[in-house]
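These are my notebook entries on a structure of two chains. I recorded what I looked up, entry by entry.

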Number of protein chains: 2
Amino acid sequence: MTDDTILLGHGSGGRMSHELLEKTILPALGWDESDHESKVLEDAAVMHITADSLLAAELVSEGDSRIAMTTDSFVVSPIFFPGGDIGDLAVNGTVNDLVMMGAVPLYLTLGMVIEEGLLISELEAVLSSVKTAAEAAGVSVVAGDTKVVERGKADRLFLNTAGFGVVPSGRTLSAAALRPGDVIIISGTLGDHGIAVMSKREGIAFETPVVSDTASLAGLAAQLFMSEAELRALRDPTRGGLATTLCELATSSNVGIELDELAIPVKPEVARASDLLGLDPLYIANEGKMIVVVAPEDAERAIHALQGHPLGGDAAIIGTCSDDRPGRVTLRTTIGGTRVVDMLSGEQLPRIC
Amino acid sequence: MTDDTILLGHGSGGRMSHELLEKTILPALGWDESDHESKVLEDAAVMHITADSLLAAELVSEGDSRIAMTTDSFVVSPIFFPGGDIGDLAVNGTVNDLVMMGAVPLYLTLGMVIEEGLLISELEAVLSSVKTAAEAAGVSVVAGDTKVVERGKADRLFLNTAGFGVVPSGRTLSAAALRPGDVIIISGTLGDHGIAVMSKREGIAFETPVVSDTASLAGLAAQLFMSEAELRALRDPTRGGLATTLCELATSSNVGIELDELAIPVKPEVARASDLLGLDPLYIANEGKMIVVVAPEDAERAIHALQGHPLGGDAAIIGTCSDDRPGRVTLRTTIGGTRVVDMLSGEQLPRIC
C-alpha cells in the first residue's frame, strides 16, 4: 500500500510535504499542537537567549558569551543496528562534538534526505530515536528540513544535524593545548560502535552480541568539569578511531603521545570480532567515548569523576604526552615492543556513521 | 586517474580525509593557513558573540537578544545549472530562510554527502561558489563535515547548510501576523530557478536562455527594514512556489488572500517555457525572490525600498489580504474570472533544490 512508503511528492514542499510533517514527523518528534501552529510554517526558528538567562544559568560571566557550532552528516548503513539507529547516532554525534569543545549543547537542526520507498514506519522509528536522544542530552530540535530523492539516488535515509551551544566562562579546550607530561585518559572501551554496525551489515552473529555505544557525553563531561581538573582537550574518537584522533592531537599540539597497549580497554567480544574481521580496535569508530587530556597532577581526580558516572565505569589512563618525537603517537605493545601509530589510511570501515 | 575523483577513503576520517580537507576543501573555501592550524581539527567552531558586540552593531537593545536557526538540505539535479550550482544555492537558501525571519545571518555550517567518483574539480567548483555566495551574503562558514558513499548510493553531491543569525530588536515577523487589508508584494519575477534547472535537466534549449535567480536576499531585506515600513511577514517562495507559500500564510494567519494575475511578474521566456513544459509559474520554485506582506499604508514605501535595490527592480504589488474566505487564496485571472489557488499537490518538479 503506497500510503506506507515515502513518495517523491513528500519532498515537493506542497500538500504531501505538509501531511508528512503534520502526521508523521512532528508527532514522532513530540512537537505539540501549539508548536505546529506557531512555528512549523516559519522559515527559521527564533529563540530568546538573553544575557540575563545565560548569567542566571551560570553559563557565562558578565561580558563573556561564546557560542559553539558544529555539523555532521550521517550515512550509516544499515540505518538500524544493535544498540541504536541513525536517529540517536545523529543526535549524539553532534551533541558530543559540542561537548568536546566545552559547550553546553542547547539546540539542534535536523536535515533529512530520504530515498523514495522508505517505509514511513521506519522514518517514525528513527524520529522517535531522535526525540529520545535529544531529551537525554538536554537539547531541543528547533528546525528541520525534508528532501526526497528517487529510488537508487540515495541509500534509504541520510541525516544531518547541526548543533548550537554556549561555552561557559573559563573553559578553553583545544587540540593545540596538550603539553609534555599531560595524561591521556579514555572514558571506556574501544570499538563497540564499529563492530556493532559491521556485524549487522555483514550478517555476522557473535556469541556475545556487540552493541553500539552511541550515547550523549554531555552528562559525563559535566561530571568531569565539576571535578575542576585542569583539562587540556576532550575529543570523541569517532571515524578513524582512537589512533587517528590522537595523531591529530599530537600534530596540533606538537607533542609526542606514548600509549600503553595493555591499558587500553577493549571488550573481549570486540577484540575477538576485530580479529575475525581483520580490524584494529584502535582504528574503529566509537560513538559514546571520549579522550580526556588532563594535567598530570589532576589525572586521578579526572579518573575519579569519570568512573562515578554510568558511562565512565571503564575509564582508564592509557598514555602520556612527552617532548619526545613531537607530532608522533607511539604504542608500547603487550609484548614489550614499541611501534608508531599512524592515522587511518584508506577506508577501514565505510559508512559507519 | 584516480587522484582526480572522490574515493571512499576520502570519507574515512583518516589520512585521505585530511588530505582532501587540506588540499581541496579549505583552499576552495578560502580558509587560510592559520585557520587550518587553529580550528580545522577541533570538533566544533567556537565564536565570541558578546552582548557588547551586538549592542555596538546596533543589532540588539539592552537585555534583548534573539537568535535564529534554520537548516536545509540540497539535492538539486543537475548540480550545475544556468545561473548557479548546488553551492551557491545551499548558501543562499539558508541565508534567505534566516533573513525571512528578520535575522541578520552570521554563521553557516556545511555538511557534504559525496558519491564516490565525483570529480574533485567539480567539488572545487561547488566550494568556490559556496565561498563567493557566503562573502556576498556576509556570512562565515564556520564548521563542516564530509561523508562519502559508494557509487549508486547517492547522486553526485548532496549539501546541507544550517544557519545562525541574530534578530535585531523589535523585528517580529511571522506567518501568523497577516491582517485583512495588508498588501502582498513580490520582489521580482517568478519561476526563473525552476525553469533554469528543468531546462538543463531535460536538455531543452530556449531561444532566450533562462537562468536561476539564486541570490542572497540579505541586502534587499536590509533595504526594506531601513524603510521602516510596517512589515507583517517575509517569505521566500521556494519549493511549492508562490501559490503554496501564500496558502501557508493564509492558513497561519486565518485571512483570505486575493491575487491579481495580471500584476504577477513573469518573464516572457519563463512563461513560454512553462507553457511548453505544462507547468504553472505560480508553483515553480524561486531562489532569490521574496514575498513581502506589509500594512496597507506602507505598501508604497516598501515597493520604493525594494525597487531601489538591484534585486528588486521588478517588485510589484500582487494582492491583498481580506477577511473574506479566511485561509483561502484566490486569483483574479487575466480573463476576469476568479479561481481558488491551492497548495501544490504531488510533485511538480522533483529535485529542484
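I began with strand 2 of chain A, which pairs with strand 1 (residues 45-48) of chain B in the antiparallel sense over four bridges. Strands here are DSSP runs of E of at least two residues, helices are runs of H or I of at least four residues, and both are numbered from the N terminus. Two strands pair if DSSP finds at least two bridges between them. In this pairing I found Ile67(A) opposite Met47(B).

I noted the source next: this is a predicted model, in which local features need pLDDT of at least 70 and side-chain atom pairs count only at pLDDT 80 or more, while totals for chains, interfaces and linings use all residues. Residues are numbered from 1 along each chain as its sequence is written, and chains are lettered from A and ligands numbered from 1 in the order in which they are written.

Within chain B, strand 5 (residues 104-115) and strand 7 (residues 157-167) run antiparallel and are joined by 10 bridges. There I located Thr109(B) opposite Ala162(B).

How many residues of chain A are in contact with chain B? I found 78 residues of chain A in contact with 77 residues of chain B, where contact means C-beta atoms, placed from the backbone, within 7 Å. Strand 2 (residues 66-74) of chain A gives the largest share of this side of chain A, eight residues.

I also examined the relation of the copies. Chain A can be laid on chain B with an RMSD of 0.0 Å by a turn of 180° and a shift of 0.0 Å along the axis, superposed by least squares on the C-alpha atoms of residues with pLDDT of at least 70 in both. That is the relation of a two-fold axis. In chain A, the C-alpha of Ala154(A) comes closest to the rotation axis, at 2.0 Å.

Lastly, I returned to strand 2 through one of its residues. Met69(A) touches residues of both chains, among them Ala162(A), Phe164(A), Ala45(B) and Thr109(B), not counting residues up to four places away in sequence.

Notes: Contact = placed C-beta atoms within 7 Å.
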